[in-house]
Amino acid sequence: MEYRLNLPVGEDDILKIKAGDTIYITGLVVTARDEAHKKAIELYDEGKELPIDFSKVAIFHCGPIVKKEGDEWKIVAAGPTTSSRMEIFEYDFIKRFNTRIIIGKGGMGEKTAKACKEFKAIYAAFTGGAAVLAANAIKKVKDVFWLEELGMPEALWVLEVEDFGPLTVTIDAYGRNLTEEVKEKAKEIAKKIEF
Amino acid sequence: MKEKLANEIANLIANAVIDLPKDVEDALRKAMENEEEPAKTQLKAILKNIELARQQRKPMCQDTGTPTFYVEMGYNFPYKDVIREAIIEGVRKATKEVPLRPNAVDILTGKNSGDNTGLHIPYINWELVDGEECKITVMPKGGGSENMSTLKMLKPGVGIKGVKKFVLEWMVEAAGNPCPPTVVGIGIGGGSDIAMKLAKKALLRKVGERHSNKEIAKMEEELLNAINSTGIGAMGLGGKTTVLDVHIEIAHRHPASLPVAIAVQCWANRRKSLKIDKEGRIWNID
């Protein structure tokens, strides 16, 4: 199935979607990598205020190339980064912020799948490396936070996107994890190969 | 000469991050034609992205990599003294002008240098060769695929069979992380450092090009087919093409050691070369 979603989305929208479906999203997407996940969780646990309501946006594992033209930031290239690096943070992140959609590449593991099931969220993959395709769907850089401290790749870039995709859902809110299934099958096949 | 070369190096880097080599693109297209869903959508997106990057003169991937250089310098090449500085200057210039993503981070402070230079970065592999010319190749090496590179010191008793098994198991474990379909460089033998250098250098070979040693060439094909038969597929979503090619380079080993290094390169297998002659003429080569 193919879905076009307008952010923010609720539990009902998420429950319609199954692993293997394709989605396109319109609304606000915020980039966050290792450092941003870590910092957001730490600030929350210290009871401090965060610059963004993460429940209303999609999180994008991405470290973009951005350039300043006059007063405005312009996205040059913005493909996804490897999501498995964020596996150690994602359960805690989703639990605290109720983010419904996580976007990245390469798939995520057991803990993220558990979070998606418990808190009704999905993980979707954007084609790795397809940075110009992604940049074309980004209409505007709305804001940026933590740039000074974390640097260009790790900062929180708030992006207005239109029909951002195709995104392949690999983890749904029912606990299915497509990339893990592919990997388990591959392991079985590899075991039987004799050289 | 230094400034002229720095400009040419900056152009070379720009072309490398914007324009994917034809052999790689052809292999991706062939894979797409062969594929079914959901891998077909992934490969179509990759091909579309390659086209857009060229049209809009933008880097095909936001990770413009660690600037890695291979220099083959003739013993009698007259401009030896300017090469290093011209490369560093070229990297700074390209970072600003293309622009590239700043990818050089201090390991202690975590501070990004902002211009893709730093300790040992850009990294230059030097090789002295016969002649009066100099060849410079840039390989912008992405971090996602580099994280799936590895080295293992195998027990010589496991033999070449053990080497193949290790490579297969590793690539299955890497799954969708290095942005498949990938190109895999393998270095066997030497010491640990030699194996890794050979593995990475093997990535410079064109897709489809086989090793001159027939047995090694056969091993490359055997591993290519074995990895693809596991069905990891484009981006790890399942499919027929997990690797576009496997390139192996070898060195003699110590009797007690069997080093195997694996260098994984994402589908954005970026590389461009130029040549300089003794008159200081510079031109791009395929």
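1. In this predicted model, A:Ile122 touches A:Ile14, A:Ile17, A:Ile101, A:Cys116, A:Val169, A:Ile171, A:Asp172 and A:Ala173, leaving aside residues up to four places away in sequence.

2. A:Ile122 also belongs to the largest nonpolar core, which holds 146 residues. Together with B:Ile13, B:Met60 and B:Ile186, A:Ile122 touches the most other members of that core. Within chain B, helix 1 (residues 2–18) gives the most to this core, with 10 residues. At least three residues come from each of domain 1 (2–15 + 60–142 + 270–285) and domain 2 (144–265) of chain B.

3. Where the two chains meet, 44 residues of chain B are in contact with 41 residues of chain A. On the side of chain B that touches chain A, helix 3 (39–56), helix 6 (159–174) and helix 8 (214–229) of chain B each supply at least two residues. Helix 3 of chain B gives the most to that side, with 9 residues. By class, the residues of the side of chain B that touches chain A comprise 21 nonpolar, 16 polar and 7 charged.

4. Chain B contains an open sheet of 4 strands in the order 4-7-5-6, with mixed pairing. Strand 4 (150–154) and strand 6 (243–253) of chain B each have a single partner strand and stand at the edges, so one side of each lacks a neighbour in the sheet. From one strand to the next, the twist averages 15 degrees.

5. Strand 5 (residues 182–190) and strand 7 (residues 258–265) of chain B pair in the antiparallel sense over 6 bridges. B:Ala261 in strand 7 of chain B stands opposite B:Gly187.

How values were computed
Residues numbered from 1 in each chain as written. Chains lettered and ligands numbered in written order. Predicted model: local features only at pLDDT ≥ 70, side-chain atom pairs only at ≥ 80, totals over all residues. Contact = placed C-beta atoms within 7 Å. Nonpolar A, V, L, I, M, F, W, Y, C, P; charged D, E, K, R; others polar. Core = buried A, V, L, I, M, F, W, Y, C linked by C-beta atoms within 7 Å. Buried ≥ 20, exposed ≤ 12 C-beta atoms within 10 Å, placed from the backbone. Domains from an automatic or database assignment. Pairing = 2+ DSSP bridges. Axes fitted to C-alpha atoms, helices over the stretch in contact; angles between N-to-C directions.
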